[in-house]
Structures are given as C-alpha cells and as structure tokens.
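Please consider the sequence and the three-dimensional structure shown here.

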Amino acid sequence: MTATPTAAAPFTTVIGLEVHVQLQTRTKLFCGCSTTFGAPPNTHVCPTCLGLPGSLPVMNRTAFELAVRAALALGCKIAPFTKWDRKNYFYPDLPKGYQISQFDLPFSSEGALEVVDPKGALSRNVRITRVHLEEDAGKSMHDEGAGTGDTRIDLNRAGTPLCEIVTEPDLRSPQEARAWLNELKLLLVYLGVSDCNMQEGSLRVDANVNLHIPCDGGRIAKTPIVEIKNMNSFRSVERALVYEVARQYEEWQATKAEMGKTPKQTRGWDDPAGVTRAQRHKEESSDYRYFPEPDLVPVTVSEEWLAATREAMGDPPSVLREKLAAKWKIPPYDADVLVNQGRELVAYFEDLAERVGEGKVASNWMQQDVLRTLNERGGSIDAFPVRPAALAELIGRVAKGDFDTSRAREIFAEVLASGRTVDDVVASMGIAAVDDDELITLCRELLAANPRVVADVKGGKEQAAAGLIGQAKKKNPNVNPGKVRAMCLDLIRQM
Amino acid sequence: MSLSRNDVAKVGLLARLALSDADLDTMTRELSSIVGFVGQLEKIDTADVAPLAHPLDTQNVFRADVPKPSLTTAEALQSAPRHDGECFLVPAVLGDTGAA
C-alpha cells in the first residue's frame, strides 16, 4: 500500500503505537513479591516495592530474558551493554517518586513486525523504534461516588515487570493498527512472553496520531500529534483512532493549526461516549530528569546467551503459518485461522492431521466443527472433550464409507454432549456399517416401490433418484446417501 | 555555568515545592554554586575516557524468579499517615499519571 491520499480520504493518516505488556513472571521485577492478579489490596508488597528507605532492587533474570525474547522476535538489535535509569515524577501510585526504566541505552532497538492479511489486501512492515524493560506503578482508585475526596492506593502492581514496545509512525489506518496489535499479541502469547490480557491490564496501548494533508503548491501540512490513552481493547483502539482522525481533520479545516505551533496534546478515550477528550499537556521528556539508576548494575548480553535464547524461543506465528501450510498442504487462509487460535490449537490440529493423514480434511473439521463448537461453548482446546484420536477415528470411518459426513457430525455432537467414546455413541445410536448385500436388498425394495422414479431416471432425469435417499434413510438411518444413489442408478441401468 | 531564577522555579515546580520569592533567591544562589562546582569537570579533556554507567565494576546481577513472603497488609500500612485497613489513602489527585 502506498501512503498517498485517496479520493476517499484527502489526507494520509499517520499512527505510531506505544505498547506496554506485562511479562509472564511469577515475581516482580526487583523483589520476590508475587505478580498474581486479583489479590486483596496491598498483600503483594514488601519494603522494595513500597519504596521504603534502605531497600534495594535486584533484577529478576526471567523478566530480563522474556524481554530479550520479545525483542528478538520483533527482529530488534540487542545492545551488548544496557543500563537502567530513574524517571522522576510525583504521583501517589509511584512510591519511590521515580520509575526505574531505560532511557538512553535500552536493551534493544530497530526491529520490525509485519502485519499480513491472508487475503492479501493488507500488508505493512511496521518498524520498532525500541523495546525496553521497566517497572509498573501501583493502582489509584478514585471513589467519586463516595464523595470523600480520598484516593485509595493499592501497590500490589507496583514493580511488576513491563516491556515497553515503541513503533515508528508507520501505520496508515485505524484498521491496520488493530490488525497489527492482534499480530503483536499473538506473537507475544506464542512465545510465552505475556498473556496479553487487556482486562487484567497485562497489555496497554497508547496511540500517537496525526494527519498529513497535501496543500496548494505541493506542501504537506501536518496536524498536531495527539496521544490517545485509556483504550481498553483493540476494538477501542480502532474506534478511538477513527474518531480522532475525523476530529483532527475537522479541526484542521477550522483552525489550520499545524504541528509544532501547539504543544503535543494528550487525549483520553471515553468508550461509552465514543469520543476523545483533552487531558493535560504532555510534559517534555527532560522534565522527567532521567539519570542513571545507581542501585542497579548494568547488564551485558553475550552472543552465547543470545544464541541460547533464540534456540529456546520456538517459531513465531508468521513462520508457523508458512510451515503448517507447506507441511499439511492446506491453503494459507486455513493456516492463518489455525495459528491465530494459539499454540495449543495448532498442536491439536497437527495431532489430528497426523492421524488422519490428510491435512485438508483435518483442517476442514477443525474450521467447521471444532472451532465452531469451541466458539459456542467457550473454554480451551486442551479441555475440549473430543480428543484428536477420537475425531480421527470418526473421520477415518467416513473415509471408509461406514457413514457419511452429516451422520459423522451427529455422532460428533453426541460425543460432545454425552462425553462418551465414539464407539459407544455409534453403538447406542444403532449405527452399524451397512454391508453391500443389505444395501442391494434395500435399493431393490425402493425401486420396486417407486416405479415412477425408475421411469424418470430411465427417461434421463437422474436427479429423480434423490427422492429415494430420504426413504432409504427412513428404512435404515445408517445407509450412506452417496452409496444409495450410486447403487440405485446402477440397478436402474441394469433393468 | 549558573542557573537562572526561572530554572530554579521550574525545578521547584517539578519537585512540588512551594518556593517563596525569598526561597527562590536563596535556592538560585545555592544551586548555582553546586552546579558551578560540578562544572569544573568541563575543564577536563574526556575525549579518551569511556562513559561510565555505574561506579561499580560489576555486571549482570540477577535473582531467580522465585516468590518470597510479602509483608502483611497491616505491616505495609503501619507507617502510612492515613489508610483504611486495605489501602493507602491520599488526597484526590486530578489528571492522570505522569508516565507508565
């Protein structure tokens, strides 16, 4: 896609994202307090994360390694030497009065993550400016209803390890931003870096957006950059950006205000109202008065360490899609759907495909039956009652002609509902393979009882045979409709 | 190098200190003297000196990701000027956090 304005939008939308993800560690970044979500307030706190005098931070090795894994997966360069800095600001949920973050020497920079639409409509390489490691703040709760004027502070979250991922302003539409975030989330979940649960605050997104508007004489006017906060889902990110793009274009038409002439603005997304609202002006970064953190020593990353991390990483989703499509000879669309459901579902599919011996057949059952049922019932694939072995048996018996696909779907539904084995269900539903002798007898009876159909078929209307299938199923629900049809046509030809 | 009164007023604001005019005069003089003292370093030629990120010649200090007991809520709150038994209580703060 090119970045030129179109008739539909007389400007180019320019979006950059700043994503914070909580790393999947058991303990906080600098102390041994648990990171488990949902504990009663101020039960996962200690002198270090409360910022009490005399306490000292010690870095969590797993947090650092997960952050490196994320950066490697995003194609970033890993700095051989990295250090931490204090970012100073006052807020009650930041007990030390500074956040330990990384300023001038982040551990990684200059990566990229491509977002690809399997249908080929959308594809963009989004450059990553930097990835760094920092600690989270606590939680402030403003009880406006009580009218007490107090703010309650819970510091359970203070000191939780966060990976901050900053992109270049490479995204060109709200839809693209959402698609890219989906891909980022998938990647981080695949690699075990983060659970990316937005409801629990494990993934947070801020978006920077402005418009490039061509003016007379070929000059490009750039609207002031706005940073949008408070978006609680990827859907909110898309909605907020759609709103903000329209608002900026309207404002530009009214004021002609350009970037640089007004300070950068922060706006909060009000989801129920569907609007962004102005917040305080963003402080200049120098106002944070960064300086090197004296309580933490630097980290140097050796080539051996990096190689071991790469080794342990596993395939990212983009590679897995290609591998699945090639190995099982399934269309890219199928591979995309399977991979997007997560690692566990891919394992289920591969187990099934291995047993069935035909990737496309296994994939069809995954897409049409397994995924639909999962969507309806909820829950994870690991807890799905029909295991690959049972499903493979069912598919195998369809291939053998024991019953047709629609009968197999009934059995599948019954196995799901009852939790019994395929064999059990087949027996209790009175489903038994119909042998050829039985089939011939049945078809002869049908033809004898339906002279009209016989006459029609002989007259060249083969489709008339379809009327026999319903009757055959009534006499014996286990017959295979395809076989009944073929057999009846054969018999009529011999008449 | 010296600091202007405006520089000091800005630092005072960032530190949430209410500085009177007299305070500003004193602080401007005293902070300028500190900055001037440190400013002597500018006279040294550091072209061949590698930047120092930390005074200790130690690197890669880590701990294992193993939980340790936390404080009880009562212990955590015991020195707080105000609390409700669960949370620290502070005066309502308007606006949003400075960073994340």
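**Structural briefing**

Ser140(A) has Ile153(A) in S10(A) as its bridge partner. The model is predicted: local features require pLDDT of at least 70 and side-chain atom pairs count only at pLDDT 80 or more, while totals for chains, interfaces and linings use all residues. Residues are numbered from 1 along each chain as its sequence is written, and chains are lettered from A and ligands numbered from 1 in the order in which they are written.

- S9(A) and strand S10 (residues 150–154) of chain A run antiparallel and are joined by four bridges; strands here are DSSP runs (E, at least two residues) and helices are DSSP runs (H or I, at least four), numbered from the N terminus.
- These strands belong to an open sheet of three strands in the order S9(A)-S10(A)-S2(B), with antiparallel pairing; two strands pair if DSSP finds at least two bridges between them.
- Strand S9 (139–142) of chain A and S2 of chain B are the edge strands, each pairing on one side only.
- On average, and with direction ignored, neighbouring strands of this sheet are turned by 35 degrees against each other; axes are lines fitted to C-alpha atoms, for helices over the stretch in contact, and angles run from 0 to 180 degrees between N-to-C directions.
- In general, strands of a sheet pair through backbone hydrogen bonds, either parallel or antiparallel.

**Contact between the chains**

- Chain A gives 50 residues to the contact and chain B gives 36 residues; two residues are in contact if their C-beta atoms, placed from the backbone, lie within 7 Å.
- On the side of chain B that touches chain A, the elements giving two or more residues are strand S1 (62–63), helix H3 (73–77) and strand S2 (88–91) of chain B.
- S2(B) provides the largest share of that side, four residues.
- By class, that side of chain B has 20 nonpolar, nine polar and seven charged residues; Ala, Val, Leu, Ile, Met, Phe, Trp, Tyr, Cys and Pro count as nonpolar, Asp, Glu, Lys and Arg as charged, and the others, Gly among them, as polar.
- S1(B) also pairs with strand S2 (residues 59–60) of chain A, in the parallel sense over two bridges.
- Within S1(B), Arg63(B) is the bridge partner of Asn60(A).

**Open sheet within chain A**

- Three strands of chain A form an open sheet with antiparallel pairing in the order S6-S5-S17.
- Strand S6 (98–101) and strand S17 (291–292) of chain A stand at the edges with a single partner strand each, so one side of each is left without a neighbour in the sheet.
- Four bridges link strand S5 (residues 85–88) of chain A to S6(A) in the antiparallel sense, and Lys87(A) stands opposite Gln99(A) in S6(A).

**Domains and selected residues of chain A**

- Chain A is divided into domain 1 (16–208 + 281–306), domain 2 (315–428) and domain 3 (436–494), with bounds from an automatic or database domain assignment.
- The C-alpha centres of domain 1 and domain 3 of chain A lie 68 Å apart.
- Gly314(A) lies in the loop between helix H4 (303–311) and helix H5 (317–328) of chain A.
- Gly314(A) is partly exposed because 14 other C-beta atoms lie within 10 Å; a residue is buried with 20 or more such atoms, exposed with 12 or fewer, and partly exposed in between, with C-beta atoms placed from the backbone.
- Pro481(A) lies in helix H15 (residues 481–494) of chain A and is partly exposed, with 18 other C-beta atoms within 10 Å.
- Not counting residues up to four places away in sequence, Pro481(A) touches Asp404(A) and Ile469(A).
- The C-alpha atoms of Pro481(A) and Ile469(A) are separated by 5.9 Å, and the two residues are 12 residues apart along the chain.
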